[in-house]
Amino acid sequence: MKKNFDLNKLCDSLAYLICNIIKTDGSISEKERKKFDDFFIKEFGLDKEDVEVLFKKAINDTNYDEHISFLKEAFIDNPIQKAKFMKYLNEIIYSDGIKDGEYELFEKIRAELF
């Protein structure tokens, strides 16, 4: 990631895309929610309370273009991190079985980030 990026904005944008994958099928499974929580605890060292706040903020967000633009710029010098994030999105989709629309959104995100 570029060094000067706001870590909070990075978390917000990643959370937004993860939440959009999670809610695409109209429900949020325990497995999906656990994957969300684990990602932000492991990758950013957030505690459970911070993850809960982040989730609530991201699940209601509607700024797709803003988040995609930010992440595209954030990942510009680090294609490995971008690929790891896409792999993680894929793992979330598989965590509770593939549902309608999830891979369509995944492919849209992939096309815009790459």
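Contact here means heavy atoms within 4.5 Å. By that criterion, and leaving aside residues up to four places away in sequence, phenylalanine 36 touches Ala15, Ile18, Cys19, Ile22, Val51, Leu54, Phe55 and Tyr88.

Two remarks on provenance. This is a predicted model, in which local features need pLDDT of at least 70 and side-chain atom pairs count only at pLDDT 80 or more, while totals for chains, interfaces and linings use all residues. Residues are numbered from 1 along each chain as its sequence is written, and side-chain values use heavy atoms, with hydrogens and water left out.

Let me turn to a pair of helices, taken as DSSP runs of H or I with at least four residues, numbered from the N terminus. The axes of helix 1 (residues 7-23) and helix 4 (residues 64-74), lines fitted to C-alpha atoms over the stretch in contact, come within 9 Å and cross at roughly 120 degrees.

Finally, the surface. Is glutamate 104 buried or exposed? Glutamate 104, found in helix 6, counts as exposed because its relative accessibility is 64%, the cut-off being over 50%, with buried under 20% and partly exposed in between, for a 1.4 Å probe and protein chains only. Glutamate 104 lies 9.6 Å from isoleucine 21, C-alpha to C-alpha, although they are 83 residues apart in sequence.

Note on methods:
Axes are lines fitted to C-alpha atoms, for helices over the stretch in contact, and angles run from 0 to 180 degrees between N-to-C directions. Helices (H or I, at least four residues) and strands (E, at least two) are DSSP runs, numbered from the N terminus.
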